[in-house]
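Here is a short briefing on selected contacts in one protein. Keep the structure open while you read.

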Amino acid sequence: MNFQDLDHSLGKLQTRKKNATKIAPFVALAILFTLIPIYYPSMHPKKLSQVLSSSSLVPLPDSNTQHQSNNSSNSSTTQQVNVTKSDDHVSVAPQEARIINSTDEKCDLFSGEWVENQEAPYYTNMTCFTIQEHQNCMKYGRPDTDFLKWKWKPDGCELPIFDAHQFLEFVRGKSLAFVGDSVARNHMQSLICLLSKVVYPIDVSNSTDQENRRWEYRDYNFNMSIFWAPYLVKANKTEPNNIYQPFNLYLDEPDESWSTKIQDFDYVIISSGHWFSRPTMFYLNHTLVGCLFCSQPNVSQMTSFFSYQKAFHTAFQTINSLKNYKGVTFLRTFAPSHFEDGVWDKGGDCVRTTPFKRNEKVLDDYNLEFYKIQLQELMVAQKQGKMRNLKFRLFDATQAMLLRADGHPSKYGHWPKPNVTFSNDCVHWSLPGPIDVWNDFLLELMKREESHR
């Protein structure tokens, strides 16, 4: 993405002979800007070689035609995003990119590739206490370590490696919230591990579970919290003691576990994704309108795209309605899983030991649809937020993580047990591991935000 405005209008040139002298400089410029891309292709990184449709304008995926016609007033607020798909990655068109992250005029952090970094990792499972068992590959015998020796290299600049001292000074007197599922918690744990080089936080959580936690760095007057909200919207189980039965999703009602608590935070990172593929019942205005993978008769079968769009729309709309909220909201985009040779419960695994090259992996299928939905709803939120000068920013982890099938725990999140079959974990990320780059992104995004205030 190039976030600078490339649309320079030169105006209409008169062709009369007496203006030839005035025309000459413009002709020279036109020739120059034609020849430069031909002879210096590196000035235009290869990104947009294959368009998804003839017009490249991609609407939200259909979920249920009849339901959409009954709710046309809701869908009318959804904007469309030019999303292009190439042989190396998916990108937002430049005009949308400038809208989504107006502060990123120098360099697109999220377009790039993984390069070797022999200095990594910057912590281990022996130096960080927040690594959960299922992420602790080193403890459970993963034999290779090459997957740790990489860093993200944007196309047009360098992304600095996370500096714990700099981060703590930057967030002095501030607060950070993570809203989402276990991958959001995975991100927060990575941040705590990276900061452990300087200081350990104090756990001041009101509960003993891992789902909702609060940590304080008192020397810096900084705190961070994780709010468990895998669907972002109000949800409950159809059977209280069975998480494998469908969930009820109230798609136009926010999950109050986070929506009533974030208004005093300086930064909020919102994310979600993998839970939306589970069996779910969809409610709008307290009325059952459809479901995903349900067996009830006379209930319309719909897609996860429908619930995903509604959930993010409700979440962003809720943030925009918070009277006292003045923080910066980052949308951390969907991080794909990497199950190969089967789905998660049918023997699927992730056995790579090195990253994909950028031309070896393409964002497609439901991963691409989820990504497009997130960008579209972010743009809607930004438009609504302008009235109160609320800031919504893109934190695009999708392309970088798409290439890191080697970074999951796989079978190395537990010891093997005789006569017991475990599912391989190709959703969460090993710690240390490629998810640490999210904090490289985070610090750089925070610095860019501050520099434009």
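Asp-203 is partly exposed, with a relative accessibility of 34%. This is a predicted model. Asp-203 forms a salt bridge with Arg-213, with N and O 2.3 Å apart.

**The Asp-203 pair**
- Arg-213 has 10% relative accessibility, so Arg-213 counts as buried, because the cut-off for buried is under 20%.
- Asp-203, at 34%, counts as partly exposed.

**Other salt bridges**
- The whole structure holds 15 salt bridges.
- Lys-234 and Glu-253 form one of the salt bridges, at 3.9 Å from N to O.
- That pair also links distant parts of the chain: Lys-234 sits in strand E10 (residues 233-237) and Glu-253 in strand E11 (residues 247-254), 19 residues apart.
- Lys-234 is partly exposed at 34% relative accessibility, whereas Glu-253 is buried at 19%.
- Glu-216 pairs with Arg-218, and their closest N and O atoms are 2.8 Å apart.
- Arg-218 is exposed, at 54% relative accessibility.
- A salt-bridge network links Arg-214, Glu-216 and Arg-218.

**Helix H6 against helix H11**
- Helix H6 (residues 182-195) packs on H11 at about 80 degrees, and the axes are 9 Å apart.
- H6 is therefore roughly perpendicular to H11.
- On the H6 side, the contact residues are Val-183, His-187, Ser-190, Leu-191 and Leu-194.
- On the H11 side, they are Trp-438, Asn-439 and Leu-442.
- The contact of H6 with H11 has 5 nonpolar and 3 polar residues, and no charged ones.

**Arg-404**
- Where is Arg-404 found? Arg-404 is in the loop between helix H10 (398-402) and helix H11 (437-451).
- Is Arg-404 buried or exposed? Arg-404 is buried, because its relative accessible area is 0%.
- The Arg-404 side chain reaches the backbone oxygen of Phe-147 at 2.8 Å.
- Beyond neighbours within four places in sequence, Arg-404 contacts Trp-114, Phe-147, Trp-150 and Trp-429 among others.
- Its contacts also include His-338, Pro-355 and Pro-434.

Notes. Residues are numbered from 1 along each chain as its sequence is written. This is a predicted model: local features need pLDDT of at least 70, side-chain atom pairs count only at pLDDT 80 or more; totals for chains, interfaces and linings use all residues. Side-chain values use heavy atoms; hydrogens and water are left out. Helices (H or I, at least four residues) and strands (E, at least two) are DSSP runs, numbered from the N terminus. Buried means under 20% relative accessible area, exposed over 50%, partly exposed in between (1.4 Å probe, protein chains only). A polar contact is a pair of N or O atoms within 3.5 Å; within protein, one must be able to donate a hydrogen and the other to accept it, and residues adjacent in sequence count only if both atoms are side-chain atoms. Contact means heavy atoms within 4.5 Å. Axes are lines fitted to C-alpha atoms, for helices over the stretch in contact, and angles run from 0 to 180 degrees between N-to-C directions. Angles under 35 degrees count as roughly parallel, over 145 as roughly antiparallel, 65 to 115 as roughly perpendicular and the rest as oblique. Ala, Val, Leu, Ile, Met, Phe, Trp, Tyr, Cys and Pro count as nonpolar, Asp, Glu, Lys and Arg as charged, and the others, Gly among them, as polar. A salt bridge is a side-chain nitrogen of Lys or Arg within 4 Å of a carboxyl oxygen of Asp or Glu.
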